Amino acid sequence: MADREIMYREALREAIDEEMGANPEVFIIGEGIAERGGSYKVTEGLLAKYGPKRVRDTPIAEAGMIGVGVGAAIAGTRPIVEILYVDFAMLGMDMIVNQAAKFRLMTGGEGRVPFVMRTQGGAGGGVAAQHSQSLEALFYHIPGLRVVMPSTPADAKGLLKHALRQSDPVMFLEHKHLYMTKGPVPEGEHVVAFGKGAIRRQGKDVTVIAWSNMVQRALDAAEDLAAEGIDVEVIDPRTLVPLDEDMILASVAKTRRAVIVQEAPRRGGVASDIASIIQDKAFFELDAPVTIVAGLNVPIPFNLTLEAASVPQKDDVVGGIRRALHIGPLAAAAE
Amino acid sequence: MADAILVPQVGQDLTEAKIVELHVKEGDTVKKGDMVAVVESEKASFEVEAFVEGVVISLPFQVGDWATVLEPLMHLGQPGETLVAGPPAEPKAAKPPPTAASEPAREKTVVPLAVDPVKAVSKKTSLTVVPAAGGARVVRSSPVARVRAAAHGLDLAAIEGTGPDGAVVLRDVDSVLVTGGTGVLSTPSAWGGADLETRILRQGEGVPILFIHGFGADLSSWRPMVGALGIGCPLLALDLPGHGGSRGHGAADFDALVEAVGRAAAAAGRDGIHLVGHSLGAAIAAALTERGDLDTRSLTLLSPAGLGPSIDGAFVDGFLAARSEAALAAWMRRLVHDPASLRGALVRATLAAREDGGLVEAQKRVARGVFEGSTQLFSIREALARLGVPCSVIVGREDAIIPATETEAQVPAQVALYRLPRVGHLPQIEAADLVQTLIARTVRSAG
């Protein structure tokens, strides 16, 4: 099937549009998503097509929005709740953590919560500490939640369509930098199941595991290192829960080295957990300590220079890969 | 051994529980799952179950008593068994009285355990190789390097590490495994001026030691030796013509072998050299020293050829003809006194080396040049008799390849002779520690 290039936000809109068209139980609520078409233009045109009952603006009240979504899901519909910044999802954490994540288990599997929270995170553009966080670790930590972090338009579409067809609560975490990026998306039906990673670049010397906005950064670093003859494999897990451990472990068994790149702060992050899985299940395959390249343990500063310094940049990834290969840093020619 | 049923933790911050019901007494038999007691805290009561079968052999409490949580409530055992004071599974004796605050006491018992390993680790971090108790060495290495080295029978201590802090990493192991490969070593791995395959097994300071292997082996056979030698000088090895990476070298009689090795030794030892040889390699070392153009400082000869006339011709033929691992192992077992000392890895490595064509043919050519049936065509008797440098001859009394009695009979008086009981033709394997000591002693005796 021929691929065409569309934007990440367009791919998301296609997924919502197609699933709303196919399933009358799917609806979407959020701040400014109906009349305005959403801050990132993901929901543009949906109000006209599906009407105000299924495409509904809400007040600025995240706790209420998430509560409505979780309740509606328990009642048998398929809500999408768009939260403008993942930072604001904290207002709804009780509904997410104590209700949505637990309901299936506590009802012996009889109750299901097909609740999809679409939101976006990440630093970029000087939106400061309360609009820049990468909070996937909070959701990753809670059993019962699915955590999805698409890095490409094709995955954004395919994973969102899958999210709207399965029956567990999904934290669908987009990245504010990615909405305008373009990429090939197959024509027609395109669904990506959870738990299957993608090898973004084949390599034999070192495995880099990155998700969301860090995938492109890892690919850029790999490109730089290819000039030195270093052959980097880049793996994008696409969903953190469920995690494609098999793909990661197979790659590490091949390259003997793992570098995990996350935008979120280092402490208590998903990278640490993936590192622990690798050392547990592939210890005797390793030729170097597992390296983590992560954000600093600081609130993201407003100042753009400091913001860039707080999250991994391409050179940080290059440095991490070189450490994993026991190669010293290049002479600091730039300094 | 008695099993303790513990007083349950009845609340997060409570240290004692009141016993409100007891359903058993000493001597009763209980089954797994039986309710044996009920204890109560301020908030709730808890039923206590037996989790194993047994007879109640100790029950020091009565209803109404207060008991410390997580301490034994009762003990179950075999009929007739009595509770032994302070059994290993019963921590009561080591603990303070129940009235004492337990937290600080627990910390005290933990602290020494936690501190010692930390100290030990911090001592290690600055060292590449740490001699451990008993003379064994701890080598920093990556997990996969250990696995790979073990799979090929390599001694990590013999491999130069190029990883962080000198750790042996995969590329170091692989560079050893790839015969003739350049590897990624940060230091030169060979020396120039020789038309033989040469290898620097370990860098060092001072007069180098050159190791010369015997018929049918190659330089890799010395690797297990170098890490444990305890001498700081450079350790060098070469592949004899017709062997290892020198299989294409055409030298095929004794004089030609000596000539080829002499050129390599001269290039490596302009300021003197110590020679260690095994079997045919020992004879070459002795002949080189006799020639006088090399500044040989000492000689250590392991199971030297060229002293008596005999060699096991059937072994040479069978060894060269063997094509399967089983056949090769059958012949190679003749090299040692104790068959268990011949590691499968050595047999497999020998067989694997033959996979590249030409090796067996090259060795047959050498064999025709130096042996005729069961006779050695060369002699080092006169060379040894005129020797002026420190020399040690080490023979295994059970050598089935070259009869030890013939060798011993020809060792002149000024040469030290070590006769090792229960050792065959490979003393460097069957008496590795002793041979290493004797090599070091011989080298040092040269000053």
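How many helices and strands are there in chain B? Chain B has 14 helices and 19 strands, taken as DSSP runs numbered from the N terminus (helices: H or I, at least four residues; strands: E, at least two). The model is predicted: local features need pLDDT of at least 70, side-chain atom pairs count only at pLDDT 80 or more, and totals for chains, interfaces and linings use all residues. Residues are numbered from 1 along each chain as its sequence is written, while chains are lettered from A and ligands numbered from 1 in the order in which they are written.

Of the 447 residues in chain B, 40% are buried. A buried residue has 20 or more other C-beta atoms within 10 Å of its own; an exposed one has 12 or fewer, and a partly exposed one falls in between, with C-beta atoms placed from the backbone. Contacts require C-beta atoms, placed from the backbone, within 7 Å. Among chain B contacts between residues at least 6 apart in sequence, 65% join residues at least 24 apart.

Helices α2(B) and α3(B) pack at about 20°, with axes 8 Å apart. Axes are lines fitted to C-alpha atoms, for helices over the stretch in contact, and angles run from 0 to 180 degrees between N-to-C directions. The two helices are therefore roughly parallel (angles under 35 degrees). B:Val144, B:Ala145, B:Arg148 and B:Ala149 of α2(B) meet B:Leu170, B:Asp172 and B:Val173 of α3(B). These contact residues comprise five nonpolar, no polar and two charged. Here Ala, Val, Leu, Ile, Met, Phe, Trp, Tyr, Cys and Pro count as nonpolar, Asp, Glu, Lys and Arg as charged, and the others, Gly among them, as polar.

The loop between α2 (143–151) and α3 (170–177) of chain B holds B:Asp165. Phi of B:Asp165 is positive, about 55°, although the residue is not a glycine. B:Asp165 is exposed, with 11 other C-beta atoms within 10 Å.

In chain A, A:Arg238 lies in the loop between β11 (232–236) and β12. Its phi is also positive, near 70°. A:Arg238 is buried, with 26 other C-beta atoms within 10 Å. A cis peptide bond joins A:Val241 and A:Pro242, with omega about -5°. A:Pro242 sits in the loop between β12 (239–241) and α9 (245–255). Most residues other than glycine have a negative phi, and most peptide bonds are trans.

Helix α12 of chain A spans residues 314–324, and its buried residues include A:Val317, A:Val318 and A:Ile321. The buried residues of α12(A) pack against β10 (206–210), α8 (214–226), β11, β13 (258–265) and β14 (291–295). A:His326 follows α12(A), with a positive phi near 60°.

How values were computed: Two residues are in contact if their C-beta atoms, placed from the backbone, lie within 7 Å. Angles under 35 degrees count as roughly parallel, over 145 as roughly antiparallel, 65 to 115 as roughly perpendicular and the rest as oblique.
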